[in-house]
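Student: I have a structure open here and would like to go through it with you. Can we take it piece by piece?

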Amino acid sequence: MDILSFLVRLFQGGMGNLAAYLAAHVLLCLVPAFYIAGAMTALIPKASVTRFLGRNAPKFISYPAAALAGSVLAVCSCTIVPLFAGIYKKGAGLGPAITFLFFAPAANILALVYTGGVIGVDLAFARLFLSLAFGIGIGLIMALIFRRSDIAHDKSTDAMFSGKGGMRRGALIFLLLLVALLLAGTFKVSLLTNTYAEFTLPISGMDRFQDFLYRLVPYDASKGEEGVTAQGAILIGMLVLIGLASFKGLENIFEGFNLWTWMAMGLVGLTLMIAALGMTPHAGGLDIRFTGRFFGVLLAIALLVWLMFKRLTEDELRDWLWESWRFVKQIFPLLVVGVFAVGVIRVLIKPEWIQALAGHNTILGNLAGVIFGVFMYFPTLVEVPIAKMFLSLGMHRGPLLAYLMADPELSLQSILIVSAIIGRLKAWTYVFWVALFSTLAGLIYGSWVDGTGLGMIVLYLTLFLAALALVLYWVDKRTRVKGTIPQKAATD
Amino acid sequence: MLVIKILGTGCPNCKKVEALARQAVTNLGVEAEFIKVTDYSEIMQYPILSTPGLVINEKLVCAGRIPSQAEITTWLANALMEVT
C-alpha cells in the first residue's frame, strides 16, 4: 500500500509539472516560437547569411556572421552539422565554425524564447549575451591554437559561399509579425495585462470541474508549483485536437492543402486567443476577461492571416507550415516526456542536496553545474524544465546559467560528431574551453544576481576580453613573423 | 539509366525528398537507381551546406530545402537529355 501511494505521488508530480508547462503562459510563448523557427528555416534564404562566411571574409565580419547563422538558420541538427563542416572545410575556417557550433544550440530562437518564458527574461538575455561573447572568444582561441593545421585546408572554390540572397519584403514582414505575436502573448506590461471588458458565461459546474482538477493534481504554491486550471484543461484538449488536425493536414502537405490543413491553422489561432483570455470559474459560471493581451494576439493573428493570403506564395506558405510542423513533431513529444520525467524526479530529490552543492555562487557550484551539463544528455529544450526544477529546489541563478550554457553545447553525441569532422584533439580542446567559459559565465552572472554593480561586471568582462585579445594579438604576431616555415610544412 | 543520390542522415526532410523523387521517376517512366548517402564525410564531398541534398548523375541539383515535384521532373528531364 505504501509503495502504491508512493507511485501515485510520483505520477502526480509528473502530471503536475506537465500541466504547468502546458499552461496558458507557456503556450503563448512556445507555439509562436515554433512557427517563428519554421518561418526562419523556410523563408530566410541561407545564402543571405552564408555569403559572409567565405574564406575571404574578414574576421570582424565572419565571426558575428557565424553567430547570426547559429541563431537564425540552425534550429535542428540537419543544418548544424553540414553547415559546421562547410564553414570549417571550405569557408571561413575553424574559428567561425566553432563560434557557429557554440552559438546555435544555446541561442536559437526556440531555446531563448523557452528559457525566457519558463525561467525568466533575465536569464534568457544572460544566455544570449554571454553565449555571443564567449562563442566568439572560443572561436578565436581555437583558431589560434590550431592555426597551422587550419592553413593547410583546401583552398578550393569560394562558390559555396558566394550565393546572393535577400529576403522578400512580404516574407520579412510576415516574420516580424510572428515575433509581434510572441511579444503580445508574453510581455508583462500593464497595457497587455489590464482587463478591458468582462462577461460571465452561465455554465454551471465549472467550479466543481476546477476542484476536481486540483484534487487530481495537487500542488504546492510555495514551491512554485502550478495546478491545472480549468483554462489549462481546455487548452490541453485543444492541443490534442491541433495535433490530430495537423497530423492529417500537415503530414502530407506536399500533396496539396486540404481541409485539415486549414482546420489545424484555425485551431492554432483559436487556442492562442483562448490562452490570452483571463478565466475564473465560480459557482455561478465562468468569468471571461478580455485582457489587452487578447486584443494584441487577435490583431497579430488577423494581420498574419491577411499577409498569408496576400503576400506569401503558395510555396512559401507550404514550406513554412511544413518546417514548423517538423519542429513540433521532432521536439514536442520528447519535451512532453522530458517534462513529465522531470516532475517525477523532482519528488525524489531533496532540496538540501542541491542547496549544499550549488546554492551559492561559488566556483565549485558553477563547476558542478557544468559537469552535470556535460555528462547528461537531454533532448533539445528539455534542459529548460530541468533548469527550472533546479531553480525551484534552491539552485543559485549563477550555477544555473553555467549549466544552461554547458548542457546544449556539450553532449557525448555532439562531441562524437564534431570529432569526426575536426579530429579528436580539436574536439576535446573545444570541450575544455566550453567548460571553462561556462563556469566563468555562471560566476559573472551569479555575482550580478548577488548585487555586484553592472559597471563592475562590464569592467571585469572587458578586462578579461581585453587580456584575451592582447594575448591573441601577441601570439598572432609571433606566428606571423616565424610562421613561414611551419606554414610550408603544413601545406606540404 | 539515372543515378539519384539522396544526401542526408535520415531526418524527415530527407525522406520527403526521396519520396518526391521516387514519385517523379515513376511519373516519367524512366529507370533510376536510388542511393541513400548517410555518411557525413561522403555528404561533404558535395558542395552542400545543409541537408537534404539531391544529386542526379553526380550533379547536385538542390540542397537545404524540399523541392517541388515539378522541379524534380525538370531536373530529371535535363539529366536524361544530357545522357542521350
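Tutor: A hairpin joins β2(A) to β3(A) through 2 residues. Strands here are DSSP runs of E of at least two residues, helices are runs of H or I of at least four, and both are numbered from the N terminus. This is a predicted model, in which local features need pLDDT of at least 70 and side-chain atom pairs count only at pLDDT 80 or more, while totals for chains, interfaces and linings use all residues. Residues are numbered from 1 along each chain as its sequence is written, and chains are lettered from A and ligands numbered from 1 in the order in which they are written.

Student: In what sense do β2 and β3 of chain A pair, and over how many bridges?

Tutor: Residues 278–282 and 285–291 of chain A pair in the antiparallel sense, over 5 bridges. Two strands pair if DSSP finds at least two bridges between them.

Student: Which residue is the bridge partner of T280(A)?

Tutor: D287(A), in β3(A).

Student: What about A283(A), buried or exposed?

Tutor: A283(A) is found in the loop between β2 and β3 of chain A. A283(A) counts as exposed because it has 9 C-beta neighbours inside 10 Å. The cut-offs are 20 or more other C-beta atoms within 10 Å for buried, 12 or fewer for exposed and anything in between for partly exposed, with C-beta atoms placed from the backbone.

Student: How many residues lie in sequence between A283(A) and M206(A), counted as how far apart they are?

Tutor: They are 77 residues apart in sequence, and their C-alpha atoms are 7.2 Å apart in space.

Student: Switching to the core. Which residues touch the most other members of the largest nonpolar one?

Tutor: A33(A), F84(A), F100(A) and A441(A), in a core of 156 residues. Helix α2 of chain A, residues 24–43, gives the most to this core, with 14 residues. A nonpolar core is a set of buried Ala, Val, Leu, Ile, Met, Phe, Trp, Tyr and Cys residues joined through C-beta atoms within 7 Å.

Student: What does F84(A) touch?

Tutor: Leaving out residues up to four places away in sequence, F84(A) touches A97(A), F100(A), L101(A) and I421(A). Contact requires C-beta atoms, placed from the backbone, within 7 Å.

Student: Now chain B. How many helices and strands?

Tutor: Chain B has 3 helices and 4 strands, running β-α-β-α-β-β-α from the N terminus on. Its radius of gyration is 12 Å, close to the 12 Å that the globule rule gives for 84 residues, so chain B is as compact as a globular protein of that length. That radius is taken over C-alpha atoms, and the rule is 2.2 Å times the number of residues to the power 0.38. Of the 84 residues, 33% count as buried.

Student: What is the strand order in the sheet of chain B?

Tutor: β2-β1-β3-β4, an open sheet with mixed pairing. The edge strands are β2 (32–37) and β4 (59–63) of chain B, each pairing on one side only. β3 (residues 53–56) of chain B runs antiparallel to β4(B), joined by 4 bridges. In that pair, I56(B) has K59(B) as its bridge partner.

Student: Last topic, the contact between the chains. How many residues does each give?

Tutor: Chain B gives 15 residues and chain A gives 17. On the side of chain B, α1 (12–28) and α2 (40–43) are the elements that give two or more residues. α1(B) gives the most, with 4 residues.

Technical notes
Two residues are in contact if their C-beta atoms, placed from the backbone, lie within 7 Å.
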